[in-house]
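The entries follow in the order in which I looked things up.

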Amino acid sequence: MVLSVLTTKRRVHRVLVDQGSSTDVMFWSTFNKLQLSPDQLRPYTGCLYDFAGDQVEVRGHIKLRMTFTDGTTSRTINIRYLVVNAPSAYNILLGRPALNMIGAVASMRHMKMKLPSLEGTVITIKSDQKEAKKCYENNLKTKKGVIAVTTQPPREEGVARAEISRERQPEPAENNKSI
């Protein structure tokens with residue numbers, strides 16, 4: 001699901017709601033477009049990995065005030081982003097930390113995200129289908145993939161996790177009869 005949010009008095013489009021991401025990510029190109037100073041970055045000592053298992057360069061982390069609005073009601077919170085130097089069709093990945101902090105519920109089926117306002121009402125943000133389509137087309141054209149961010153390496157002793165999980169799956173017992 002692709003949304004837009006407000007930060008530093010600007011609307012940021014192409015914000016991917018990624019319920020599978022273990023962290024919130026801002027890409028270096030977005031950091032520069034927002035004209036943020038590298039002096040604002042705080043050091044980050046952890047490692048991040050993409051889908052292919054390659055380590056992603058982390059420039060640091062930054063806290064920014066983000067405003068989520070449906071046009072009538074809004075909610076503003078501070079979100080800590082890891083700023084990464086990696087190609088992406090998206091500007092920001094909103095992962096589980098931010099979604100949990102704001103109490104958001106994203107529905108891919110309905111292409112909407114709902115979150116409570118501070119006044120007790122519900123803010124409903126619709127997915128931006130035009131931006132989502134542009135991101136998809138850009139990924140196809142440039143062969144840029146979405147960074148799946150994890151704080152743990154996706155490989156154990158040179159073997160991919162998918163291979164490990166296949167090896168550990170239970171097998172049907174022999175001589176079982178169907179009923």
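I looked up the neighbours of Tyr81, counting as contact heavy atoms within 4.5 Å. Beyond four places in sequence, I found Tyr81 in contact with Asp24, Val25, Met26, Gly60, His61, Ile62, Leu64, Met66, Ile92, Leu93 and Leu94.

The model is predicted: local features need pLDDT of at least 70, side-chain atom pairs count only at pLDDT 80 or more, and totals for chains, interfaces and linings use all residues. Residues are numbered from 1 along each chain as its sequence is written, and side-chain values use heavy atoms, with hydrogens and water left out.

I then looked up the nonpolar cores, each a set of buried Ala, Val, Leu, Ile, Met, Phe, Trp, Tyr and Cys residues joined through side-chain atoms within 4.5 Å. Buried means under 20% relative accessible area, exposed over 50% and partly exposed in between, with a 1.4 Å probe and protein chains only. The largest core has 31 residues, and Phe68, Tyr81 and Met113 have the most contacts inside it. Another core, of 14 residues, lies apart from it and includes Val2, Leu16, Phe27 and Leu48. Of the 179 residues of the protein, I noted 41% as buried.

Gln19 counts as partly exposed because its relative accessibility is 41%. Leaving aside neighbours within four places in sequence, Gln19 is in contact with Arg96, Leu99, Ala106 and Met108.
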